[in-house]
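Here are a few friendly notes to read with the structure open beside you. Take them one point at a time.

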Amino acid sequence: MSRISVRGFAVASATAVTTVGAVVGVASGSEGAVQPVAAADATTVLADIPAGQQVQQASLTQQVQAQSDAADASAKKAAQEAARKQAAKDAAARKKAEEKAAEKAEAARKAEEASRAAKRAALVVKASYTVAEVQAMAQGLIGNATQYQCFSNIVTRESGWNYTATNASSGAYGLVQALPGSKMASAGADWRTNPGTQIKWGLNYMNSRYGSPCGAWSFWQANHWY
């Protein structure tokens, strides 16, 4: 399609009219100057884009839109993938935490069972007890591993875990070398033969006088008695 402008059309029309006017004037013998037709405004142009250019512009617009749509789709896909990975990570963390909590609960359950068993054993009256049995009683009755270790440190030095140990010079008796030994009767009438009764009394003594077996052990280390 050829480009048609208002200006060209107007000029052509004016020229044709002028020419016709001149001819008519000459033919009719009219006097005076011939008045030319004013030319159209030179700045007025028909906004007519060629069809080929219109198609090219439409194609570019479609390409830009397609690229924008593709970018949006890619960003959405990336966000979905990131969310999926984070969800999987969170699920794995929760599972690990649950497993750890279950292990901790199981360990606590076993410790509680062991403690109950040790306490039951402490209540069983026997003719004699091995060192291992007496230590198991103490572990069950004390519970806390750190406090048990402090208790054990004192008993090891005072009686060597012999619940019938007697100090010939002072008369101190039993695991914790109570002085006199009869003090332990407050924990049970069988204080002479039951290490469990001696442990209960000794633990109560350490807690009331030093705050804990570890408090008693600190004093013992400084004074070699408690």
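1. Which cysteine does a disulfide join to Cys150? The partner is Cys214, and the two sulfur atoms sit 2.2 Å apart. Keep in mind that this is a predicted model. If the term is new to you, a disulfide is a covalent bond between the sulfur atoms of two cysteines. The count for this model comes to 1 disulfide.

2. Now look at where the two ends sit. Cys150 belongs to helix 4 and Cys214 to helix 6, so the bond ties together parts that are 64 residues apart in sequence. The angle about the S-S bond is 85°, and the link is right-handed.

3. Are these cysteines buried or exposed? Cys150 has 10% relative accessibility and therefore counts as buried, since buried means under 20%. Cys214, at 16%, counts as buried too.

4. Next, the helices themselves. Two packed helices are described by the angle between their axes and the distance between the axes. Helix 4 covers residues 145-158 and helix 6 covers residues 213-223; their axes come within 8 Å and cross at roughly 40°. The two helices are therefore oblique to each other, and their crossing is left-handed.

5. Helix 4 contributes Thr146, Gln147, Cys150, Phe151, Asn153, Ile154, Arg157 and Glu158, while helix 6 contributes Pro213, Cys214, Ala216, Trp217 and Trp220. Sorted by class, the contact has 8 nonpolar, 3 polar and 2 charged residues. Both cysteines of the disulfide are included in this contact.

Methods:
Residues numbered from 1 in each chain as written. Predicted model: local features only at pLDDT ≥ 70, side-chain atom pairs only at ≥ 80, totals over all residues. Heavy atoms only, no water. Axes fitted to C-alpha atoms, helices over the stretch in contact; angles between N-to-C directions. Helix = DSSP H or I, 4+ residues; strand = E, 2+ residues; numbered from the N terminus. Parallel < 35°, antiparallel > 145°, perpendicular 65-115°, else oblique. Left-handed = near helix turned anticlockwise from the far one by under 90°. Contact = heavy atoms within 4.5 Å. Nonpolar A, V, L, I, M, F, W, Y, C, P; charged D, E, K, R; others polar. Disulfide = S-S within 2.5 Å. Buried < 20%, exposed > 50% of the residue type's maximum accessible area, 1.4 Å probe, protein only.
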